[in-house]
Amino acid sequence: GRMNELPDTFERLVLSLESSERQELLRQFAEMTELQVEEVRALRVGSGPVVEEEHAGGPEKKLMEERFIVRLWFTICAFFTSSSPTRLYSAYLVANLGKELSRAYGRYFTLHQRSYTDAMYQEFVKLRRAQVFFAALLESYELDKGDFFVVLGSMLMKNTCAALATASNPFSVPYDVAPNHDVRASLLREMEAAFLAVPEDERSKMYQATLAIEWLRSFCAIPIERILQRFGSVENAGETCLIDSIKDEMEILVGVFSAARKVPVLLLEALFLFTKQDSMTEGKFDLEVECKKFVGDAADNLGLIRGVKSCVPLADFVRYTINDVSWQPVNQEKAEDWFLLFKNSWKRRFDEKWAEWYRLHRRSMLEKRILSVLGIPALPTLAFRPWEGLWIPLSFRYDLSIAFLKGLFTVVYPAVIMKPLKILLIDCLLYTSRRG
């Protein structure tokens with residue numbers, strides 16, 4: 001059958017990359033993978049002049065750690081302002097943070113106007129550019145996550161996927177032979193055994209890759225375009241924006257960066273291949289050229305993200321904006337149930353192949369029964385097949401039925417059926433004439 005002769009899309013994706021060019025691609029990816037461990041750790045600790053440990057526990061705890069004279073001063077000020085020492089100390093820390101930001105990162109932030117500068121606008125433009133690049137890669141993933149995890153699994157779980165490919169192929173059993181056991185049930189048991197035998201280290205790799213791709217999805221969902229729309233052109237100042245006008249969007253941005261994951265090299269490769277799977281079936285697709293181009297584009301865009309994260313104290317800008325130096329981003333780390341999607345996709349692919357195998361099997365068994373009934377070694381061929389050779393592909397579902405009728409009336413009817421029918425016809429005519 002056609003499905004048995006030609007490897008499917010996923011098999012072509014894997015087979016076409018078992019070469020030296022793939023190894024070179026992996027090496028280049030490894031050199032520029034976006035989130036290294038050190039960067040992730042730095043993001044989760046904080047960035048800029050304020051770090052989490054410095055304000056752990058909030059202003060109240062920090063005030064208690066100050067010298068007695070400092071605590072006394074804030075207590076006296078609170079008495080005369082009808083406030084609390086903690087509140088005044090918190091305002092002092094915020095003001096101090098603003099001064100530090102203005103001093104160290106004045107190119108991004110204007111303290112007296114409480115606004116971001118054109119330099120900050122350009123950083124958001126860079127993030128938006130990277131966002132568009134990765135959003136294009138994620139479109140195919142969004143359409144069919146299960147098939148994507150099959151492609152990713154073929155790279156991260158080669159032995160498991162090889163076992164599943166064997167177990168899910170009903171064409172390993174000849175369809176023109178009557179099996180002595182339940183083929184479908186047997187293959188499903190083999191598939192289930194392969195699913196249960198997935199090693200823990202392979203599960204861990206797939207889970208980490210799932211966290212990474214979900215982080216990329218979160219990054220692409222950051223409302224950066226809305227942030228850019230809040231900026232307006234000011235004469236001699238370029239694009240500027242009041243910090244309070246994008247407070248919520250900045251909190252989302254920092255929250256996503258706080259949950260940053262290391263992006264595995266093979267995940268990027270799988271995204272690229274999954275996006276280009278339709279093009280790979282065309283003869284004009286040059287895998288080596290396309291891979292090199294993708295490596296360059298990915299390196300540029302990942303570098304944009306890395307540059308913004310390392311140069312701009314985004315978390316501190318949020319802390320200053322909301323007047324809370326103890327603020328920490330909400331980590332909303334999430335992951336799809338990759339194993340369920342992976343399993344369902346394999347079973348769906350098995351069902352498609354099984355439907356084709358079973359169709360061919362039924363046809364083959366029916367053909368054998370027809371030959372047995374007609375007592376002939378082979379069915380006669382149809383000389384006139386008008387549905388073939390047309391400019392549009394057409395199929396005729398009843399060619400076996402027509403061949404059976406041709407065999408019946410060209411072989412069996414003259415030799416077996418025609419003589420008894422003539423006798424019956426003559427008897428009926430004699431009987432009719434006598435009665436008349």
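Colleague: Why is helix α18 (residues 314–321) described as largely enclosed by the rest of the structure?

Modeller: This is a predicted model, and in it 8 of the 8 residues of α18 are buried, so the helix counts as largely enclosed. Buried means under 20% relative accessible area.

Colleague: Which residues of α18 are buried?

Modeller: They are L314, A315, D316, F317, V318, R319, Y320 and T321.

Colleague: Why is N323 called partly exposed?

Modeller: Its relative accessibility is 46%. Buried needs under 20%, exposed needs over 50%, and partly exposed is in between. At 46%, N323 therefore counts as partly exposed.

Colleague: Which phi does R114 have?

Modeller: R114 has a positive phi of about 50 degrees, although R114 is not a glycine. R114 lies in the loop between β1 (109–110) and β2.

Colleague: What makes R114 partly exposed?

Modeller: R114 has 24% relative accessibility.

Colleague: Which residues is S115 in contact with, leaving aside its neighbours within four places in sequence?

Modeller: The partners of S115 are Y108, F109, T110, C241, L242 and I243.

Colleague: Is the crossing of α9 and α12 left-handed or right-handed?

Modeller: The crossing is right-handed.

Colleague: Which residues of α9 and α12 meet?

Modeller: On the α9 side they are K145, F148, F149, L152, G153 and L156. On the α12 side they are E202, K205, M206, A209, T210, I213 and R217.

Colleague: At what angle do α9 and helix α15 (residues 265–275) pack?

Modeller: They pack at about 135 degrees, with their axes 10 Å apart. That makes α9 oblique to α15, because roughly antiparallel needs an angle over 145 and roughly perpendicular ends at 115. The crossing of α9 and α15 is right-handed.

Colleague: Which residues bring α9 and α15 together?

Modeller: D147, F148, V151, L152, M155 and L156 in α9 meet residues of α15. The α15 residues are L266, L267, E269, A270, L271, L273 and F274.

Colleague: Why is Y413 called partly exposed?

Modeller: Y413 has a relative accessible area of 26%. Under 20% would be buried, and over 50% would be exposed. Y413 has 26%, so Y413 is partly exposed.

Colleague: Where is Y413 found, and in which helix?

Modeller: Y413 is in helix α20 (residues 399–435). Leaving aside neighbours within four places in sequence, Y413 is in contact with L408, M418 and L421. Y413 and L374 are 39 residues apart in sequence, and their C-alpha atoms are 9.6 Å apart in space.

Colleague: How many helices and strands does the protein chain have?

Modeller: The chain has 20 helices and 4 strands. Of its 436 residues, 41% count as buried.

Colleague: What share of the contacts with a separation of 6 or more is between residues 24 or more positions apart?

Modeller: Such residues account for 81% of those contacts in the protein chain.

Colleague: How much accessible surface does the protein chain have?

Modeller: The surface comes to about 24,300 Å². Carbon and sulfur atoms hold 56% of that surface.

Colleague: What pLDDT does the protein chain average?

Modeller: The average is 77, and 75% of the residues score at least 70. Among the elements, helix α13 (residues 224–230) has the highest mean pLDDT, 94. Helix α1 (residues 2–5) has the lowest, 40.

Colleague: Where does pLDDT stay under 50?

Modeller: One such stretch is residues 1–10, for which the model has 17 contacts beyond four places in sequence. The pLDDT is also below 50 over residues 34–56. That stretch has 62 contacts in the model beyond near neighbours in sequence.

Conventions: Residues numbered from 1 in each chain as written. Predicted model: local features only at pLDDT ≥ 70, side-chain atom pairs only at ≥ 80, totals over all residues. Heavy atoms only, no water. Helix = DSSP H or I, 4+ residues; strand = E, 2+ residues; numbered from the N terminus. Buried < 20%, exposed > 50% of the residue type's maximum accessible area, 1.4 Å probe, protein only. Contact = heavy atoms within 4.5 Å. Areas by Shrake-Rupley, 256 points an atom, 1.4 Å probe, with all protein chains shown as cover. pLDDT = per-residue confidence, 0-100. Left-handed = near helix turned anticlockwise from the far one by under 90°. Axes fitted to C-alpha atoms, helices over the stretch in contact; angles between N-to-C directions. Parallel < 35°, antiparallel > 145°, perpendicular 65-115°, else oblique.
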